[in-house]
Amino acid sequence: MGASSFNIHKPLDVQRDFFGVIKIAQTKFEDGQVWRQFIHGSTVHGMQKIAPERDTKAVSYYAPLRDVMGVVQPKQVGIIGLGAGIMLCMTAPDRHFTVYEIAPLVQRMAEKWFTYIEECGQPTWRIGDGRIELQQDKDKRYDMFIIDAFSSDSIPAHLLTKEALQLYLDRLADGGLIMMHVTNRYYNLRGPLATLTRDLNVQALTYVDLVTDLSVGHIASKWVLLARPGVDVSGVVAKGWKPLEDEGFALWTDDFANVMAALKLW
């Protein structure tokens with residue numbers, strides 16, 4: 001998953017803000033393909049093929065998400081975490097995206113160096129802390145809500161507490177799904193999520209994509225899907241998603257979140 005597979009020593013652009021360093025790097029493969037990468041800290045947050053022809057079809061970490069979207073066909077989609085903007089190109093008739101992004105620099109770099117936003121359509125922008133902005137959007141109801149904020153070197157634990165998960169559930173339309181991208185080289189986030197889902201009595205499925213092939217823009221990833229009781233997830237199960245197993249983690253709340261216990265070191 002790391003940026004070590006890419007040529008980050010001569011980046012096209014480097015910018016820093018309060019949340020860290022963003023680098024734009026580029027890799028040319030032997031067959032002539034040129035891929036551009038969005039790197040935040042030491043983690044790739046998206047990529048796009050720009051030669052011999054530019055396209056918007058790279059799946060990066062998002063192949064499992066694309067499969068689920070194909071099953072449930074959500075209309076209103078909310079996203080916490082923009083990255084390079086790949087998810088905005090998972091378009092369909094009458095589908096609209098709302099993006100919650102805490103870092104204005106991420107939006108600027110995605111628009112400058114990648115064409116996902118330009119070619120696939122502007123979302124509704126909510127620039128600010130995703131949880132605070134979502135709390136203010138009291139009338140929003142999403143068919144799918146995607147949290148893609150956990151792949152960096154440090155995790156925003158306030159997006160992974162009981163109170164946060166209850167907020168996501170409150171913003172779901174009937175039959176809606178929560179999709180959580182939990183790929184992280186340092187932390188096991190499926191364990192704390194399993195405890196949260198048991199406490200809140202919601203369905204939880206997980207999928208591990210083991211395939212990494214940078215020449216086609218595919219990166220291995222881990223995902224968790226959440227749904228209220230009674231929501232039909234059989235179509236997703238048919239795609240290979242499995243029940244999320246309880247690992248005995250303590251319940252994370254706004255008052256207590258033992259992030260150290262989730263370190264893969266243990």
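In which strand is the place of Trp 223? The place of Trp 223 is strand S11, and the points below start from there.

1. Basis of the note. This is a predicted model, in which local features need pLDDT of at least 70 and side-chain atom pairs count only at pLDDT 80 or more, while totals for chains, interfaces and linings use all residues. Residues are numbered from 1 along each chain as its sequence is written, and side-chain values use heavy atoms, with hydrogens and water left out.

2. Trp 223 and its strand. Helices (H or I, at least four residues) and strands (E, at least two) are DSSP runs, numbered from the N terminus. Trp 223, in S11, has a relative accessible area of 0% and is therefore buried, where buried means under 20% relative accessible area, exposed over 50% and partly exposed in between (1.4 Å probe, protein chains only). Between the C-alpha atoms of Trp 223 and Thr 27 there are 27 Å, the two residues being 196 places apart along the chain.

3. Pairing around S10. Two strands count as paired if DSSP finds at least two bridges between them. Strand S10 (residues 203–209) is antiparallel to strand S11 (residues 221–227), with 7 bridges, and within this pair Ala 204 stands opposite Leu 226. S10 also pairs with strand S12 (residues 242–243), again in the antiparallel sense, over 2 bridges; here Thr 206 has Lys 242 as its bridge partner.

4. The nonpolar cores. A nonpolar core is taken as a set of buried Ala, Val, Leu, Ile, Met, Phe, Trp, Tyr and Cys residues joined through side-chain atoms within 4.5 Å. The largest one has 48 residues, and those with the most contacts inside it are Leu 65, Ile 146, Met 179 and Leu 225; helix H2 gives the most to this core, with 5 residues. Apart from it lies another core, of 34 residues, including Phe 150, Tyr 168, Leu 226 and Leu 244. In soluble globular proteins, nonpolar side chains tend to be buried together.

5. Met 179. With neighbours within four places in sequence set aside, Met 179 is in contact (heavy atoms within 4.5 Å) with a list of residues that includes Leu 65, Ile 146, Trp 223, Leu 225 and Trp 241.

6. The buried residues of H2 include Leu 105, Val 106, Met 109 and Trp 113, and their cover includes strand S1 (13–17), strand S2 (20–28), strand S3 (34–40), strand S6 (96–101), H3 and strand S7 (124–127). Thr 115 lies in the loop between helix H2 (104–113) and helix H3 (116–120), and counts as buried because its relative accessibility is 9%. Beyond residues up to four places away in sequence, Thr 115 touches Gln 48, Arg 54, Thr 56 and Cys 120.

7. Salt bridges. With a salt bridge defined as a side-chain nitrogen of Lys or Arg within 4 Å of a carboxyl oxygen of Asp or Glu, the count comes to 9. One of them joins Asp 13 to Lys 112, the closest N and O atoms being 3.4 Å apart; because Asp 13 lies in strand S1 and Lys 112 in helix H2, the pair ties together parts that are 99 residues apart in sequence. Asp 13 counts as buried at 10% relative accessibility, whereas Lys 112 counts as exposed at 57%.

8. Two further salt bridges. Asp 137 and Arg 126 meet through their side chains at 2.8 Å, N to O; Asp 137 lies in the loop between helix H4 (130–136) and strand S8 (142–147) and Arg 126 in strand S7, so this pair ties together parts 11 residues apart in sequence. Asp 254 and Arg 131 form a salt bridge at 2.6 Å, N to O, and this pair links distant parts of the chain, with Asp 254 in the segment after S12 and Arg 131 in helix H4, 123 residues apart. Asp 254 is partly exposed, with a relative accessible area of 41%, whereas Arg 131 is buried, at 17%.
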